[in-house]
Amino acid sequence: MDLGLLLATERLETHSVTTRAIGQASTDCSFITVTGGRALQEAEAAHERLTSGEPRSPLDGVPVAVKDLFDVQDTVTTAGSPVLAERPSKRQDSRVVQLLSQAGTVLIGKTNLSECAFSGLGINPYYGTPLKPDARNRRLIPGGSSSGSAVAVASGIVPISLGTDTSGSVRVPAALCGIIGYKASEKRYSKNGMTPLSHTLDSVGILAQSMRDILTMDRLLGGSALAPPPTAVGTRLLVPRGELLDDCDPDVRTRFESALESLARHGVRIERRRISALEDAQRIMDQNTTIVGAEAFREYKFLLEPPHRERIDPGLLRRLTHAAQHHHHVEPVYRAMDPLRRQLRQEIGESILVCPTVRHTAPEIEPLLDNDELYDQTNQRSLRTTMLLSYLGMPGVSLPIGQAHEDAVGLLASAPVDEDAKLLSITNSLHRLLQEKDRHNLSQRPVN
């Protein structure tokens, strides 16, 4: 559900809504810390404002959650790590949490994540892995690293949550969990009080069930989204030829092409061609290393030393060890970044780039835990598209395509760096058209 439906009949019952969310969060490993006392106080204050007709914002009284990389007063920012969990509690809220509080939201708690936010699978052996909801009794990964934020929204604990995205950590779990995930440009929102992974590429992201909620949260966090256009007719979508589509599993490609066909019938223009900036950027990273890996090593190399190395996620240990061996190759990647971003802007012009968010659907968790090589290969493939687009600075919105009972697939719409307002306006219209397609397909299904 979206915020327009949430509290439609319960708008003044903030206490009961909050109590229910606290109860769900307390028994669900999508949360590391439940801020129950704070949430009840905020709910009571919101109730008073709403009953007096003086709400602070459209989100006043609405339950929200934030990834456990954002500081919250009187809580420890664990970053999903047992080592970092031993640090002192924070004395004040991060900037984005301050803005949420000023808007009157009710903070239910801090959500789970891949340890140190350095994985696209969402697996956390210490705090538990929040599995993808509605998976027909299959134990499927949620995607990461913002796993808990995505699952909290997809399972209905909160209607909207904040995550972070460096290589795909909002877009990937959004796609695998069948919700919307928006990665903002790196400087769109404040990162003050946010535990870093990569100072160069870290960004704040939003997860929700509707674009209306994304747009509302964007405005509250300091964005300046344009008024949504009444129609997407005439919008030009650019599909890059090559690996971003060719390497996708057949079912992902089929769902993506079906979505494009539907959008084309509504007057959206589809263009397909190779984009040199994408191919050049991928080649440079493949030949050298990634900025994310190099900067993650600088931030967390202390975890490779005893006694910490015995306590961290084995997958994290392998990634940090690999980064330690290759981080000194990063200088050519830094030098090429800004020229490639300019080249990309020239190549795509006024178009919006679209491709599948993740090249596969959510895999089962047990085979990954039993096979380190499969684990690492799946992690790399899960992030390969979104990591490339992050390096090129592209804000992106992953929109769900297909029915809820099917394996979730995301259509990723991206724009050049800092063109967030344009991207949000267009994806708002695209999402509306895709929802019409899904409703039509559902109505055509036979009744059993």
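Student: At what angle do α11 and α14 pack, and how far apart are their axes?
Tutor: This is a predicted model. In it, helix α11 (residues 314-326) packs on helix α14 (residues 372-391) at an angle of about 65°, and the axes are 11 Å apart.

Student: Roughly perpendicular or oblique?
Tutor: Angles of 65 to 115 degrees count as roughly perpendicular, so α11 and α14 are roughly perpendicular to each other.

Student: Left-handed or right-handed crossing?
Tutor: The crossing of α11 past α14 is right-handed.

Student: Which residues make the contact?
Tutor: From α11, Gly315, Arg318 and Arg319 take part; from α14, Asp372, Tyr375, Asp376 and Asn379. By class, the contact of α11 with α14 has 4 charged residues, 2 polar and 1 nonpolar.

Student: While we're on α14, is Ser390 buried or exposed?
Tutor: Ser390, which sits in helix α14, is buried, because its relative accessibility is 1% and the cut-off for buried is under 20%.

Student: What does Ser390 touch?
Tutor: Leaving out residues up to four places away in sequence, Ser390 touches Asp165, Thr166, Ser167, Gly168, Arg171, Lys183, Glu186, Leu201 and Arg341.

Student: Next pair. How do α10 and α12 pack?
Tutor: Helix α10 covers residues 291-300 and helix α12 covers residues 331-348; they pack at an angle of about 125°, with axes 10 Å apart. The two helices α10 and α12 are therefore oblique to each other.

Student: And the hand of that crossing, left or right?
Tutor: α10 and α12 cross in a left-handed way.

Student: Who meets whom there?
Tutor: On the α10 side the residues are Ile291, Glu295 and Arg298, and they meet Val333, Tyr334 and Met337 of α12. The α10 contact with α12 divides into 4 nonpolar residues and 2 charged ones, with no polar residue.

Student: Switching to α4. How many of its residues are buried?
Tutor: In helix α4 (residues 147-154), 7 of the 8 residues are buried, so the helix is mostly covered.

Student: Which ones?
Tutor: Ser147, Gly148, Ser149, Ala150, Val151, Ala152 and Val153 are the buried residues of α4.

Student: What do they pack against?
Tutor: The buried residues of α4 pack against the strands β1 (31-34), β2 (63-67), β3 (106-111), β4 (160-165) and β6 (203-208), and against helix α5 (171-177).

Student: What follows α4?
Tutor: Gly156 follows α4, and its phi is positive, near 85°.

Student: Which residues other than glycine have positive phi?
Tutor: Cys116 is one of them, with phi near 60°, and Ala117 is another, with phi near 65°. Cys116 is in the loop between β3 and α4, and Ala117 is placed in the loop between β3 and α4 too.

Student: Buried or exposed, those two?
Tutor: Cys116 counts as buried at 1% relative accessibility. Ala117 is also buried, with a relative accessible area of 6%.

Student: Which peptide bonds are cis?
Tutor: One of them runs from Gly144 to Ser145, with omega near 10°; Ser145 lies in the loop between β3 and α4. Another joins Pro306 and Pro307, with omega about 0°, and Pro307 lies in the loop between α10 and α11.

Student: Last topic, the cysteines. How many disulfides does the structure hold?
Tutor: It holds 0 disulfides. Cys29 is in none, and its nearest cysteine sulfur, in Cys177, is 12 Å away.

Note on methods:
Residues numbered from 1 in each chain as written. Predicted model: local features only at pLDDT ≥ 70, side-chain atom pairs only at ≥ 80, totals over all residues. Heavy atoms only, no water. Disulfide = S-S within 2.5 Å. Axes fitted to C-alpha atoms, helices over the stretch in contact; angles between N-to-C directions. Helix = DSSP H or I, 4+ residues; strand = E, 2+ residues; numbered from the N terminus. Parallel < 35°, antiparallel > 145°, perpendicular 65-115°, else oblique. Left-handed = near helix turned anticlockwise from the far one by under 90°. Contact = heavy atoms within 4.5 Å. Nonpolar A, V, L, I, M, F, W, Y, C, P; charged D, E, K, R; others polar. Buried < 20%, exposed > 50% of the residue type's maximum accessible area, 1.4 Å probe, protein only.
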